[in-house]
Amino acid sequence: MTQVLNNEQLKQALTELDKKHFIHPTSNMKQLQEEGPTFIFTEGDGIYLKDIEGRKLIDSLSSLWNVNIGHGREELGEVAKEQMTKLAFTSAFSNWSHEPIIRLAEEVAKWTPGDLNVTFFTSGGSEANDTAFKTVRHYWNVNGKPEKKKIISRKKSYHGVAMGSTSATGIPEFHTFTQSIAPDFHYVDSTVESFNEMIEKEGAHTIAAFISEPVQGSGGVNIPEANYFKEIKAICEANDILFISDEVICGFGRTGTNFGMENFGITPDIITMAKGVTSGYAPLGGMVISEKMHKELYEKTEGNFWHGYTYSGHPTAAAVALKNLEIIKEENLIDNVNEMGKYMLEGFEWIKEQHAHVVDVRGIGLLGAISLHRSEGAEAKTPKIVQEALKRGLICRAVVYDGQDTLAFAPPFTITKDEMDQIIHIVNESIQTVG
Ligand SMILES: Cc1ncc(COP(=O)(O)O)c(C=O)c1O
C-alpha cells in the first residue's frame, strides 16, 4: 500500500531528493546541501506564487524577469496542449518548416523596430546571444573582413551562460568560475570615452560588434544616460561595428515600449530576445536581424549557415509565444506597465524619503531598483532586507556585485495599484527592520 504523505513529510522527502539528485542553476552548492531548497513551489496565480507549505508570496521579479503576463494563465496551457497534441515537435533544419514558427516570425517582425524583421529562434537568451556573436563574425567574414571578430560589452552586463554569452557578461564572478573564457571578448565602462579608448587600443578592423542591454538587469537595473546609446551607435556606424541590443529582459514591453532601445532613440542592427516572448510559459529565444542583413547573408553565404539548435523553431513554444503576445496586446498590458511603472517609482521615492541610507531609486516601465549607501568593504544590507521581505510574503532580489547594495524589481505587467501598495509597504518595513 502506498503511504500518503502530508505536506511536511512530502517537503522532507523532496528536499532529500533535491539535495541528492538536482544541481540548482546559479546556486550556492554547499548551502543547498546544508539547508536544502528554501521554497518548493507548487502553484502560481497572477503576481503570486504558492509553495508546498502553503505560503503565498508576491513574485515582484516575475520569477526571473520573465513571467510578464503573470502566473497561472490557462489560455497558454490550452494552446500548448492543442499544439502538442497536433504536432509537438518537428525539425526546422534545412528546408523544413511549420506554421507556428512562420506565424511567430511574422508576429515578432510586427513588434520590432525598423526593418528588423527576420528571426533565428533558440531556446533562451544565452543561445540567442551566442547566435548573434557567431552571426556577426560570419557576416564580416562573407563581407571580406575576417579580422573583425571581437565583441565589446559593458562591465556589469549579463548576457547569459553559454560559452560566448558568459564571456560577454561583464560580471567578473562568471569569469572566475569558468577560469578560461572564450577569446575576443572585451569590456568597457559605461562611458563613450571608454568605448573610444577600446576602439583605439584594439583597432576597429578587429571589432565585430558591441553588445548591450538597454537597461542592465542582473547587474543592478542600471539605466544609462539619455544620450549614451545614440553616441555609441554613431561611433559603431563610423567604424563598421554592429550594434547588438540584448533585449532578453527589456523586450516585449518591460520598459514601457516594445523594445528597450526605443527609450534611447536608436534602432540596433541586431536584437536578441527570450524571456518575455513566452512570459516563461515555454523556453524560447531568438536573434532578430534586418532584412538588409538577411539578404546579404543569403546572397553571400556559400553552402550552409552552420548553426542550428534542435529547438530552433519549436512548434509548441511558438504557439505559446503567439498566445502570450496576443494577450499583451489585447489586454493593453504595456499601458499598464507605463501606468504602474510610474506608480512604482513614486512608491520608491516615498521609501527614499523615509530612510537616509537609501541613496538612489530608479525605474523605467516595470523595471526598478532601490540602492542603499554602502561604504567600501562594508557588508551589504540588501540580502538581509530580502530575508525580511520573504518573512512578510514578498520575493525580491538583492544585487551586491561591485560594491552595490541594490534591491531589484520587475513585477508582472498585470499588477494592480493595491498589489503595488503591498510591495511598497513590505519593502519599506523590511528596510526599517534591518536598519
Ligand atoms: C539580459 C539577459 N541576457 C541574456 C540572458 C540569458 O538568458 P537565458 O537564461 O534564457 O539563457 C539573461 C538571463 O537572465 C538576461 O537577463
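Helix α4 (residues 74-87) comprises 14 residues, which at 1.5 Å a residue should span 20 Å, and its end C-alpha atoms lie 20 Å apart, in agreement; the expected span is 1.5 Å times one less than the number of residues. The model is a predicted one, in which local features need pLDDT of at least 70 and side-chain atom pairs count only at pLDDT 80 or more, whereas totals for chains, interfaces and linings use all residues. Residues are numbered from 1 along each chain as its sequence is written. Helices are DSSP runs (H or I, at least four residues), as are strands (E, at least two), numbered from the N terminus.

Within α4, L76, V79 and Q83 are buried (20 or more other C-beta atoms within 10 Å of their own; exposed, 12 or fewer; C-beta atoms placed from the backbone). Seen down the helix axis, the buried residues fall within an arc of 70°, so they line one face of α4; the arc is that of the directions from the axis to the C-beta atoms. The face turned away from this buried side carries the exposed residues E74, E78, K81, E82 and T85. The cover of the buried residues includes α5 (99-111) and α12 (315-330), with contact defined as C-beta atoms, placed from the backbone, within 7 Å.

An automatic or database assignment divides the protein into domain 1 (38-69 + 332-434) and domain 2 (74-330). Their C-alpha centres lie 27 Å apart. The contact between them takes 26 residues from domain 1 and 23 residues from domain 2. On the side of domain 1 that touches domain 2, α13 supplies the largest share, five residues.

Technical notes:
Contact = placed C-beta atoms within 7 Å.
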